[in-house]
Amino acid sequence: MIINILIIALGFVLLIKGADFLVEGASGIAKKFHIPEIIIGLTIVSIGTSMPELFVSITSALDGYEDMAMGNVIGSNLCNLLLILGLSATITPIIFKKETKFIEIPMCLGLTIIFTVLCNIGNGISRIDAIILLALFAMFIIYTIIMAKKGEAFDGIEEVKEAEEKKKRSTIVNIIYVILGIIALKFGGDFVVEHSEKIARMFNISEKIISLTIIAIGTSLPELVTSVTAAVKHDSDIAIGNIIGSNIFNILLIIGASAVISPIKYNPTYNLQMGILIVSTIVLCIFPYTDKKDEMTRSNGITYLMLYALYMAMLFAI
């Protein structure tokens, strides 16, 4: 079992570093072709933090571990919202921008509800459902680009600028970064899925529990580092934008891409987690109107952390 745990840990390291390499290499190549920074940040950098979830879910779907593919996304979204955003707000209050309050958080809620409906209508995500999700993802990207061109702050530009200022790499080096990133993500995804499944069998724990806990938290580490760092620097836009963007990417891009490759069956027992996710997002919609206006206070953050602790306890109690 110790060997399995060590290989899973290695898998998470490969996933995180693989995402870093892929983002840096792809950003460098994009700059060589004079693609605007704004587009790089909104696409390559933002999606980069969701690469661990993408590779784990695709690997799970292809290997027939459908509970793991679905649980990874649902568990990651709950982890992002309750644990990571809760921790960020506990460190420093999160300030809500008008667009975040009126458009992006309600959009995240609406897409989560649509995703839940699609899962339950046909007992899973078919290729047609996947195409719908990917079409919605394309619309979301168009929306973010339009908003960014209007001067809105978005997640990732700062990181791109810092990387460019530190060192300008040649195209060949950038290509090597991309290749190394993809290889690391592939092997990392394989290690996490295969050895998590072995531990699940060893302790007679379901794939669902493993995916909602260990895998969900592990693949959310890039979001954790990004949001907590942003909170320490008092950068609310990145702290909350990273979470909302990641949750939308997880639902639309990751499940969409995974189901296009291999349709994913939906276990109705996930409806409890989906319900918690929807209610938690509704609570996030309410936060700007409670306590201090347009702010997620430390007490709100502590509330989220307590909800996550209760949720985790409930998983193992049921």
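Tyr 177 is partly exposed in this predicted model, because its relative accessible area of 22% lies between the 20% below which a residue counts as buried and the 50% above which a residue counts as exposed.

**Aromatic pairs**

- A search of the whole structure finds 8 aromatic pairs, and one of them joins Phe 21 and Tyr 177, whose ring centres are 5.2 Å apart and whose planes meet at 85 degrees, so the pair is edge-to-face.
- This pair links distant parts of the chain, since Phe 21 belongs to helix α1 (residues 2-32) and Tyr 177 to helix α8 (residues 171-202), 156 residues apart.
- The rings of Phe 140 and Phe 249 are also edge-to-face, because their planes stand at 80 degrees, with the centres 5.8 Å apart.
- Phe 140 lies in helix α6 (residues 127-149) and Phe 249 in helix α11 (residues 236-261), so this pair ties together parts that are 109 residues apart in sequence.

**Charges over rings**

- The charged end of Lys 17 sits over the ring of Phe 21, at 6.0 Å from the ring centre.
- Lys 208 lies over the face of Tyr 270, and here the distance to the ring centre is 5.3 Å.

**The largest nonpolar core**

- The largest nonpolar core holds 83 residues, of which Met 70, Leu 85, Phe 115, Ile 125, Leu 284 and Met 296 touch the most other members.
- Helix α11 gives the most to this core, with 14 residues.
- When neighbours within four places in sequence are left aside, Ile 125 is in contact with residues including Met 70, Phe 115, Leu 133, Ile 255 and Ile 264.
- In soluble globular proteins, nonpolar side chains tend to be buried together.

**Helix α5**

- Helix α5 (residues 98-121) has 24 residues, which at 1.5 Å a residue should span 34 Å, and this agrees with its end C-alpha atoms, which are 34 Å apart.
- The helix α5 bends by about 25 degrees at Glu 104, and a proline, Pro 106, follows within four residues.
- Among the buried residues of α5 are Ile 105, Cys 108, Leu 109, Thr 112, Phe 115 and Cys 119.
- After α5 comes Asn 123, whose phi is positive, near 55 degrees.

How values were computed. Residues are numbered from 1 along each chain as its sequence is written. This is a predicted model: local features need pLDDT of at least 70, side-chain atom pairs count only at pLDDT 80 or more; totals for chains, interfaces and linings use all residues. Side-chain values use heavy atoms; hydrogens and water are left out. Rings of Phe, Tyr and Trp (its six-membered ring) pair if their centres lie within 6.5 Å; planes under 30 degrees apart count as stacked, over 60 as edge-to-face and the rest as tilted. Helices (H or I, at least four residues) and strands (E, at least two) are DSSP runs, numbered from the N terminus. Buried means under 20% relative accessible area, exposed over 50%, partly exposed in between (1.4 Å probe, protein chains only). A charge sits over a ring if NZ of Lys or CZ of Arg is within 6 Å of the ring centre and within 35 degrees of the ring normal. A nonpolar core is a set of buried Ala, Val, Leu, Ile, Met, Phe, Trp, Tyr and Cys residues joined through side-chain atoms within 4.5 Å. Contact means heavy atoms within 4.5 Å. The expected span of a helix is 1.5 Å times one less than its number of residues. The bend at a residue is the angle between axes fitted to the seven residues ending there and the seven starting there.
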